[in-house]
Structures are given as C-alpha cells and as structure tokens.
Amino acid sequence: MLKVEGLTRRYGDQTVVDDLSFSVNEGEFVALLGPSGCGKSTSLKMIAGLETPDAGSIELEGKDITDLTPGQRKLAMVFQSYALFPHLKVVDNILFGLQARKVAKDEQQRRLDSVVELVGLQDHLQKKPGQLSGGQCQRVALARAVVAEARLCLMDEPLSNLDAKLRNEMRTEIRSLQQRLGMSVIYVTHDQVEAMSMADRIVLMNDGKIEQIDVPEGLYNKPKTVFTAQFIGNPAMNIIHSDNQCLGIRPEHIEIVEEGRPARVISCDYHGADTIVLAEIGEQGGTTEIIKIRYPGHAMFAAQQSISVHWKLEYEHRF
Amino acid sequence: MDSIWFQRISKFSAYLLAIVWVLPLLYAFWAAFHPPEYATKFALFAPLTTENFVSAWDQAPFFRYMLNTVIITTIILFSQLVVCTLAGYALAREKFVGRGFAFALVLTQLMVMPEVLIVENYRTLTGLDLVDTHLGVGLPYLASAFGIFLLRQTFKTVPQELEDAARVEGLSGLGIIWKVFVPLAFPTYLAFSLVSVSYHWNNFLWPLVVTNTEASRPLTVGMAIFGAPESGVDWSVISAGTLIAIGPLLILFLVFQRKFIQSFMHAGIK
C-alpha cells in the first residue's frame with residue numbers, strides 16, 4: 001500500500017538518507033531499524049511530510065503523495081516524546097485530529113468510546129497529560145493515532161522513554177492492537193529486540209542506506225552483511241577473520257566441550273540464565289581472536305583456564 | 001552570618017523602596033477623602049468626606065476620558081497581540097532569508113526612545129488625517145518590539161514534536177498558532193498584556209501632543225489639564241480625580257496579580 005522509491009535527503013553535503021526504497025503491505029508491521037543517526041527518523045519524517053526529500057517519491061495506495069502537506073496525507077503518527085498537548089485534557093488530545101478535520105460529533109464520540117476501551121483510559125479522560133504517568137501518556141498518544149483510523153500509522157521510537165518493564169508490556173500491547181485492528185504500521189526503532197519481536201518485516205538501515213530488508217528470522221539466520229550479522233542478536237555475532245574472508249558465529253551457537261578447538265578464558269560475565277564467557281581462540285603467541293560464548297547456567301571458569309569450544313557447521317556464516 | 005545580614009539588608013531595602021514608592025498614593029488617598037483644609041495637614045481624626053470626588057467628577061468629563069483611555073488601550077493591546085503573535089511565530093519557527101536581520105531590526109527598535117519620534121510621527125499622522133482620533137493615539141504603538149521579542153523567546157521553547165503532531169493531524173499554519181502556540185504561551189500573553197496596558201493607560205506625552213479635544217483625550221492628559229496650575233491648585237480635588245483615573249487599573253491589577261502569579265506557577269510545575 002505504501003511504496004517508497006529512491007528517497008534521498010541531504011543536509012549540506014552530507015547525505016542522511018541515500019536512495020531508500022521499500023514498501024509496506026496492507027496490515028503489515030514494518031520496522032525501520034538502525035543505529036542512531038542512520039537516517040531512519042528522517043525517513044519517517046519524509047513519509048509523514050514533515051521533511052522534504054531531495055529526490056525520490058512516496059506512493060500511498062497508488063497515489064503519489066510526495067508533494068502533499070502532512071495534513072493532506074491523512075496519516076497518523078506517534079512521537080517519541082508523545083507530543084501530547086499539555087493544555088488540553090486527555091479526551092481533547094485524543095480527539096484533536098478529528099476536531100481539526102471537523103468530523104461529525106456523534107462519529108467522534110463513537111470512535112472515542114471504542115478507542116478508550118481499547119487502550120484502557122476510561123478513568124483518565126478529564127485529566128491533563130501532566131497528571132499522567134509515562135505509560136498512560138503513551139496510551140493517549142496511541143489512542144490519538146488509532147482514533148484517526150488512518151491508512152498508515154507512523155511510530156517514531158514510541159517506547160524509548162519508558163522503563164524496561166513497561167516497555168516490554170507496551171511492546172506486546174502495541175503489537176496485539178495492531179494485529180486486532182489490521183493497522184499498517186511503520187515503526188522506527190534503534191532497539192533490535194523491539195524490531196525482532198514486533199515486526200513482520202524489518203528494514204535495517206546503516207549510514208543512510210538500506211543494509212537488508214527481511215523478516216526477523218531472515219535477518220537473524222541469513223544476514224547478508226557483517227553489519228547485519230553484528231547488529232542483530234545480543235551479544236553480537238563473533239567475527240573470526242581467516243585468510244581473506246570472515247567467519248561469523250553467534251555466541252549462543254558455540255558450545256564448551258571436552259574435545260574441540262582450544263581456547264583460553266579471559267573473563268566470565270554472569271547474567272542469571274546464562275553466562276557470557278569471553279575467550280581467546282587461536283595459537284598462543286600467534287594470531288588470536290576474542291570471541292564471546294553464551295553458556296547456559298552459571299559458568300565458573302578461572303581466567304586463563306584452557307577450554308575447548310565447538311560449533312556446528314550449519315551455524316557458520318561466511319562473508 | 002554574612003548571608004543573614006545580606007538577607008536583612010536586602011529585606012530592609014525592599015521595604016524602604018516600597019514605602020517611598022507607595023507614599024504618593026497614600027497621600028492621594030488621604031487628600032481625596034478629607035476636606036481641603038486637611039490636604040497638607042495631618043490629623044488622625046480629620047473628618048472623612050467624598051465631596052472631592054463629586055466635585056472632581058463634575059469639573060471634568062472623567063467618564064469621557066476614561067472611555068477614551070479604554071478604547072485606545074484596547075485598540076493597542078488587541079493589535080499588539082495579533083501582530084506580535086504572527087511576527088514572533090515567524091521569527092521563531094519559519095525559516096526565511098534575512099530572518100536574523102529582521103530580528104536584529106526588531107531588537108534595535110527596542111533601544112529607540114519613542115519620544116525621539118514624536119515630531120516625525122505627528123507629521124505622519126497629519127498626512128493621514130488622524131490627529132485627534134483614537135486610532136491616531138494608538139498608531140505608533142500597534143506593534144511592539146518588546147512583545148515580538150518576548151513571544152519569539154516563548155515560542156522557541158515549544159517542542160518541535162508538538163508542532164509536528166498538530167501538522168500531521170491536519171491543522172493549518174494559522175490553526176497551529178491558535179490551537180498550540182497561543183495556549184502554551186498564555187502566561188507570557190498575560191504578563192505582556194499587563195505591561196502593555198499599564199504603559200499605555202499611563203502614557204502621557206504622545207497623547208498630549210496628538211489630542212486636541214475631549215473626543216479623543218485620554219485620562220492622563222485630561223488630568224493634567226484639570227490640575228494645571230493656572231486653574232488654581234486644589235490638591236484634594238486633584239487627588240480625587242487621580243484616584244478616579246487610576247482606580248480601574250489598580251483594581252484590574254490587584255485582580256489579575258493573583259491569576260498572573262498562578263499561571264506562572266502553573267507553567268513552572270508543568
């Protein structure tokens with residue numbers, strides 16, 4: 001339904017978004033993922049119409065919307081800071097867009113009732129945003145986006161201001177809301193966990209360019225570049241340089257065994273469910289590489305202790 | 001030790017300044033409510049009277065003067081709010097060539113004493129045939145550099161995302177100013193309005209130059225003519241007249257002072 005073609009944005013002689021092309025299908029949740037400063041927010045703003053692209057086109061439901069104002073595009077948007085109007089009550093914040101677009105009063109009421117139930121704000125409608133917690137503000141912002149019944153909903157790091165626990169809750173909540181309503185969503189985030197757990201497809205960006213577009217499993221199992229391989233997964237994939245190519249192996253795929261490649265423990269980092277073992281492989285004195293091993297349970301290895309590691313051939317990635 | 005003394009001294013100075021400041025007003029109250037023979041004589045049990053107010057009211061068309069002042073102040077305030085809002089928004093948010101220069105010009109204007117321009121302004125008014133009209137008195141003040149500066153600073157603090165949100169929701173440029181910027185800058189509007197109203201209510205020199213008749217003469221000028229030495233100085237009646245003149249503004253200020261402080265506190269908590 002949304003098709004972005006060759007979108008480019010320059011600030012001076014710096015190209016922030018370089019020839020970005022991707023599409024969003026009806027009812028699809030697409031994440032724009034990338035490290036900070038990779039141009040994902042700028043891309044979203046161009047789709048919203050808040051930034052003017054230097055080149056490229058944006059097509060929504062077959063119509064070119066590249067030159068339309070943000071209001072004419074009739075999209076919904078959730079902002080990182082929630083962007084709630086502090087002088088308006090929650091109910092007026094939710095209905096802000098409908099009032100601006102002069103939607104009939106009874107229609108407003110009907111949509112308000114259903115959306116308020118959906119996000120659970122019944123008791124807070126008459127409050128001002130300043131009286132709400134971060135999670136509640138997030139819900140108001142969400143309600144404002146849902147109530148518009150827009151063709152496409154844009155979300156710009158909507159969870160980054162919440163604490164970890166709330167973030168996890170809201171993650172599942174947004175995802176289930178999106179699936180229930182069949183919303184088409186573009187979701188900008190720098191958090192790979194958010195993208196992996198919520199998105200149908202992920203557009204991974206780096207330095208203004210698209211690195212890889214794939215479903216979450218695709219990015220994890222078949223990364224096409226070293227950047228993708230190291231960006232997805234935590235801890236990052238180990239890259240072992242040999243001859244003129246790179247060998248990638250994920251920490252969770254390395255086992256510590258009786259017989260295998262020799263390695264020396266450098267340190268252990270206990271995380272509860274597992275331990276991240278930092279080890280050195282290769283000849284002592286020769287070329288060595290430092291790898292991370294995800295060891296289930298509590299590992300008690302002394303520094304400099306010799307161990308053997310092993311991984312299955314099918315888990316190797318070559319770049 | 002030092003800070004305690006510093007506090008005491010600054011408190012004492014504040015009270016001293018306040019007393020010096022309020023003395024003329026207290027005298028005006030004293031003189032206005034007592035018979036003329038007590039105007040320069042203090043006696044605790046001097047008889048009270050409202051006679052002075054009646055004679056002041058009869059001697060000069062205070063109602064007409066007051067009406068003129070209200071009309072002039074309203075024209076000025078309304079136009080200033082509109083012009084300063086639009087200019088402040090443009091200087092804070094719109095990107096255009098020469099924005100910095102335009103803002104510098106506005107700031108420069110802050111440093112020009114209005115009195116310097118009286119002759120030239122009078123000439124312009126004559127050309128426009130606006131001498132001795134309400135609009136003529138207000139014309140040089142329809143825009144305020146101070147107001148533009150104040151609102152620009154306030155508008156600059158409004159988060160960009162709020163404006164973006166309003167834009168995505170389909171609001172027009174003017175709609176965003178009216179629905180987002182104006183309500184968020186409300187305390188600034190209140191503060192500016194207080195300053196503007198009290199300045200123009202009390203403005204004297206320009207109205208004196210530009211008004212000739214009762215039709216447009218504001219209170220300040222009316223009072224001055226009323227109290228001019230050649231008509232014989234009756235301090236009691238002048239005091240009563242002064243109180244009539246400043247009464248509305250005094251009440252307005254006392255009422256608004258509460259709201260004024262409240263809205264500032266509200267802005268701080270948020």
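Helix axes are lines fitted to C-alpha atoms over the stretch in contact, and the angles between N-to-C directions run from 0 to 180 degrees. Two packed helices are described by the angle between their axes and the distance between the axes. The structure discussed here is a predicted model, in which local features need pLDDT of at least 70, side-chain atom pairs count only at pLDDT 80 or more, and totals for chains, interfaces and linings use all residues. Residues are numbered from 1 along each chain as its sequence is written, while chains are lettered from A and ligands numbered from 1 in the order in which they are written.

Chain B contains 13 helices and zero strands, where helices (H or I, at least four residues) and strands (E, at least two) are DSSP runs numbered from the N terminus. The C-alpha trace of chain B spans about 70 × 65 × 35 Å along its principal axes. Of the 270 residues in chain B, 28% are buried; a residue is buried if 20 or more other C-beta atoms lie within 10 Å of its own, exposed if 12 or fewer, and partly exposed in between, with C-beta atoms placed from the backbone. Two residues are in contact if their C-beta atoms, placed from the backbone, lie within 7 Å. Among the contacts in chain B with a separation of 6 or more, 77% are between residues 24 or more positions apart.

One helix pair illustrates the packing in chain B. Helix H3 (residues 62-93) of chain B packs against helix H10 (residues 186-202) of chain B at an angle of about 145°, with their axes 10 Å apart. The crossing of H3(B) and H10(B) is right-handed; a crossing is right-handed if the near helix is turned clockwise from the far one by less than a right angle, and left-handed if anticlockwise. On the H3(B) side, the residues that meet H10(B) include B:Ile72, B:Ile76 and B:Gln80, and those of H10(B) include B:Tyr189, B:Ser193 and B:Val197. The residues of this contact divide into seven nonpolar, six polar and no charged. Here Ala, Val, Leu, Ile, Met, Phe, Trp, Tyr, Cys and Pro count as nonpolar, Asp, Glu, Lys and Arg as charged, and the others, Gly among them, as polar. An α-helix has 3.6 residues a turn, so residues three or four places apart point the same way.

Helix H5 (residues 118-128) of chain B is hardly covered, with one buried residue among its eleven. Just after H5(B), B:Asp129 takes a positive phi of about 60°.

The contact between the chains takes 15 residues from chain B and 17 residues from chain A. On the side of chain B, helix H8 (160-168) and helix H9 (173-184) are the elements that give two or more residues. H8(B) supplies the largest share, six residues. This side of chain B divides into eight nonpolar, two polar and five charged residues.

Chain A is divided into domain 1 (2-226) and domain 2 (234-318), with bounds that come from an automatic or database domain assignment. The centres of the two domains of chain A, taken over C-alpha atoms, are separated by 39 Å. An open sheet of chain A has three strands in the order S11-S12-S18, with antiparallel pairing; two strands pair if DSSP finds at least two bridges between them. Its edge strands are S11 (238-242) and S18 (317-318), each pairing on one side only. Two bridges join strand S12 (residues 245-249) of chain A to S18(A), and A:Leu247 has A:Arg318 as its bridge partner in S18(A).

Elsewhere in chain A, A:Asp64 is found in strand S5 (residues 63-64). A:Asp64 counts as exposed because it has 12 C-beta neighbours inside 10 Å.
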